[in-house]
Amino acid sequence: MKKFKESFSAKLSVFTALIASLVFVICYSTNFYHAQKAVKEEAEKMAMAELDNAVLRIHNITSSVEVCASNLMPFIKKNISNPDEMFSLARMVVENNPNVKGCSISFEPDFFMKQKGHYFSAYAGRETDGSVTVEQEGSPLYEYFYMDWYQIPKLLNQPYWTDPYSDVYENEETGRMQIEKICSYGLPIHDDNGKTVGVLTIDIDQKWLSKIISNLKPYPDSYTIALGRGGVYLVHPDSTILGSNTVFTRYLDSGIEDIKSFGERMTDGGRGMMALSADVTGGEGDSYIFYTPLKQMGWSVGIVCPEKDIYGGLNSMKWTLVIMTAIGILVMMVVCIIFIRSRVKPLEHLAHSANIIARGNFTKAIPVIKGNDEIALLSKAFYDMQHSLVEYVEELKSTTAKKERIEGELRIAHDIQMGMIPKIFPPYPDREDIDIFASLTPAKEVGGDLYDFLILDNRFYFCIGDVSGKGIPASLLMAVCRNLFRTVAGQGLNPSQIVKNINDTMGESNESGMFITLFVGMIDLDSGRMTYCNAGHNPPVIVNRQGQASFMELVPNVPAGVFEGLDYEQQEMDTVDGLSIFLYTDGLTEAEDMEKKQYGEDRLIELLTESQGVSARELVGHVASSVRDFVREAEQSDDLTVMAVRIDVKK
């Protein structure tokens, strides 16, 4: 086993054999699957053809009975006042239709009260010797109008085929009572007013139906079944369950779901095929049932075919093919081992040299392998790699040094950028009327967000902005914008003039097409009156004294830096005394979790409402904590800046 693990030729040979085996298994399985499918389809086609043929034969007979009943109905209506004529009509039906066992023309109780009394059912029946007898079969001992063959067509008021039922008669030769199964076709008799006054019934013997169905035998061990309404067995090899048991009774007794399933499919009038386990059929193996409905009679006929009969020839061929293939694979593996071992010997020498080179000895000589095959090409590749490796190591050292220098410069740029924005809080410890706190977290080493504030002549100027893009270009524009804000605000201008000056300065030479969304506000610390100007930035949130948070209604204006010469509209609030102003960049509301869901404005409003009465530092801390809990392990995709301001005007 150790030698096998260390031998490439042995592994390659076994691998080749395994691949060949896998290909065979795939091809064999595919072919066997399609062959099995074709055999199954052929079996289904043959079984369904036999079923259709049987259904057609039964249909021809039942249709003749239905046509006979329809043709007889005008004569019954014509002679409806002459009860004796009904016997002649019933006899005529039986004599002229050899498949008919009997015919009864029965009327409602007391319909012929004056002529015949309470009961009247004219019946003509075929005897065992072929003769036809007629009788009036209604009597106190046989109240026909309570029988299913009379009641169902009457209540449904439409033609109806009954399931087979037992008919008891006396055998004239033996003198004994005999029982035979018949099924009846009933047709309601209506008077001129459309009222049902009786039922015409034509009986046929079930024996010929059972014989037609039972003779369906596409395979030696196949058998047929027929289910009536409600799943009662009409035809089955086990004669003890005929007429009494239903397929659903078997399901309740056994609990086998397949019995219920095929029973429902057949009784629902379905047509098709279903696999049955041995527990369902009681046989030695699995089977298939092919079924189709007898729509006229409400029955369903099925052929149960054992799987071993359907796939018998296919299974016998399977094992012969498997044994022959196994022998072929063993022979192929032996040949592969001998051939491959002779071809991979030079690789051992090449591997030894490559191992020495891998330990750092780049001067080790590579063995020369002659030829144009893959092993010779590999030897040449190793030779080229040996010389390229030295050059690569030198280049890697140079690249690493450059990368470390760039990373150091980015760290310095980050420190410079963070040093440009206020970071000491509280910024005005001697003032109790201003509570402010802000935080900036860039997505990369440097970013494009900014915030700033200052006090001039007891007026508090503040701003927050977001430069389009990220990284170094955005950080440079951020630095320019911050310095412009400081310079212009220091001149005592109002917010709209500050934004206009920033826009004109940036737009004058904006070849990169970058811009900045900006919100600039100015609060008179004596009166609490706030004037502000928005340049395409996210609307700040105002939290009132009752703790209710809502977005400020803003005139959006155009972001600064797009092009110069724009005028910006300014807005005012009478007082912000006691209110909290929460400003942010879109890195907050658009922060995404692992499923790419955004933090959103609704979540922000809900959080700020719940943070009633806290300081600016605590408010920013609550928001930062909420965002961290939301995004969890997700990578930050945008710069995130927040600032909270609260002004309390001294009275």
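Residues are numbered from 1 along each chain as its sequence is written, and side-chain values use heavy atoms, with hydrogens and water left out. Because the model is predicted, local features need pLDDT of at least 70 and side-chain atom pairs count only at pLDDT 80 or more, whereas totals for chains, interfaces and linings use all residues.

Helices (H or I, at least four residues) and strands (E, at least two) are DSSP runs, numbered from the N terminus; two strands pair if DSSP finds at least two bridges between them. An open sheet of 5 strands shows antiparallel pairing in the order β9-β8-β12-β11-β10. The edges are formed by β9 (233-235) and β10 (272-276); each has a single partner strand, so one side of each is left without a neighbour in the sheet. Direction ignored, neighbouring strands of this sheet are turned by 30° against each other on average.

Axes are lines fitted to C-alpha atoms, for helices over the stretch in contact, and angles run from 0 to 180 degrees between N-to-C directions. Helix α5 (residues 206-214) lies across β8 (223-227), β9 and β12 (299-306), at about 75° to β9. Helix α7 (residues 257-267) lies across β8, β9, β10, β11 and β12, and runs at about 170° to β10.

A nonpolar core is a set of buried Ala, Val, Leu, Ile, Met, Phe, Trp, Tyr and Cys residues joined through side-chain atoms within 4.5 Å. Buried denotes under 20% relative accessible area, exposed over 50%, and partly exposed in between (1.4 Å probe, protein chains only). The largest nonpolar core has 79 residues, and Phe-460, Phe-582 and Leu-588 have the most contacts inside it. Helix α13 (residues 471-489) gives the most to this core, with 8 residues. Beyond its neighbours within four places in sequence, Phe-582 is in contact with residues including Pro-540, Leu-588, Leu-604, Val-642 and Met-643. Another core, of 61 residues, lies apart from the largest one; among its members are Ala-90, Ile-202, Tyr-288 and Ile-303.

A salt bridge is a side-chain nitrogen of Lys or Arg within 4 Å of a carboxyl oxygen of Asp or Glu; by this rule the count comes to 18. In the pair Lys-154 and Glu-108, the closest N and O atoms are 3.0 Å apart. This pair links distant parts of the chain, 46 residues apart, with Lys-154 in helix α4 (residues 148-156) and Glu-108 in the loop between β1 (100-107) and β2 (121-126). Lys-154 is partly exposed at 27% relative accessibility, whereas Glu-108 is buried at 19%.

Asp-574 and Arg-529 form a salt bridge with closest N and O atoms 3.4 Å apart. Asp-574 lies in the loop between β20 (571-573) and β21 (580-584) and Arg-529 in the loop between β16 (516-524) and β17 (530-535), so the pair ties together parts that are 45 residues apart in sequence. Asp-574 is exposed at 61% relative accessibility, and Arg-529 is partly exposed at 34%. Asp-452, Arg-482 and Arg-486 are linked in a salt-bridge network.

The structure holds 0 disulfides (pairs of cysteine sulfur atoms within 2.5 Å). Cys-27 is partly exposed at 40% relative accessible area, while Cys-183 is buried at 0%.

Terms used: Contact means heavy atoms within 4.5 Å.
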